[in-house]
Amino acid sequence: NFNNLIKELTENKDFLALQGLEEPHNRMLDSERILRFFAFCDNGERNYRSPLKKFLNDYMEKKRDLPASELEEKRKLFKKCVELCRQVFGEDLAFVRYYTGDKDNPKGEPDTKINEGLVDIQLYGFMEYEKRDLVGKEQVIRDALIDLITSDKEMILSIEKGTYGTPQVKLRTEKWFKALRNIAGYPKNDKRLYTYEEKKILFEKSKGVCQ
C-alpha cells in the first residue's frame, strides 16, 4: 500500500507543476523523488549511507505495508511540503539551480533542468514548518537559497558532483537547514534524530551549555 500511495502522489497537481509536468513521469523519476522525500523524513540525512539505491531499497522494504493512519500522515506531510515549496520558490526556482548574472544577463537565471539534490532539501527542509511560519519570509528564503547555490563552493559541488555520496548529502542538507532556521526559526516539533555519539560531540563542543 505504500507503493500505491507513492503512485497516487505522482498525480499531485502542485508537484506536477513544480516539475514542469502535465502528467506523471513515464520513467517514474517523480516516484523516486517522492520515495527519497519520505526516506529522508523518516531516517534523516544523518543516517544516510551511500549508495542511494540501497538506502531506498532498505527503506522501501521496511515500509512496504503500512497502517492506514501512517499512510494518511505521509499523504498530508507530502502535500504540505509541496505546497510550501510552491509558495516559497514558485515554479521558476523550485528544484533547479540558479546561476549568477554577467554583463549580458545581469539578473542571472535559473537552470532549465531539475537538480535532484535541490529537490530533496527543498521538500525535506519544510518538513517541520507550517505555512504560518513562512508567510512574509518567502523572498528572504529564496535569496538565501540563491546565495548558497551561487556563492558557496562546497554547496555547489554537493549538487554538481557525486550528488548522492554520503558527505554530499549531509553537507547540503546541513547548510540549507541552518540557513532556513536562521530565517524561519527553529521548528517547534523537530523530529530529526540525533544518536548518542552526536549528542556527546555537540555537548562537548558547546562546553556543557545546552544548545
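The buried residues of helix α1 are covered by elements that include α2 (13-19), α3 (29-43), α4 (52-62) and α5 (68-93), where cover is judged by contact, meaning heavy atoms within 4.5 Å. The model is predicted: local features need pLDDT of at least 70 and side-chain atom pairs count only at pLDDT 80 or more, while totals for chains, interfaces and linings use all residues. Residues are numbered from 1 along each chain as its sequence is written, and side-chain values use heavy atoms, with hydrogens and water left out.

Helix α1 spans residues 2-9, and its buried residues are Phe 2, Leu 5, Ile 6 and Leu 9. These residues line one face of the helix, because they fall within an arc of 100° when seen down the axis of α1; the arc is that of the directions from the helix axis to the C-beta atoms. Asn 4 and Lys 7, on the other side of α1, are exposed. Buried stands for under 20% relative accessible area, exposed for over 50%, and partly exposed for values in between (1.4 Å probe, protein chains only).

The protein contains 11 helices and 2 strands, in the order α-α-α-α-α-β-β-α-α-α-α-α-α from the N terminus. Helices (H or I, at least four residues) and strands (E, at least two) are DSSP runs, numbered from the N terminus. Of the 211 residues, 46% count as buried. Among contacts with a separation of 6 or more, 67% come from residues 24 or more positions apart.
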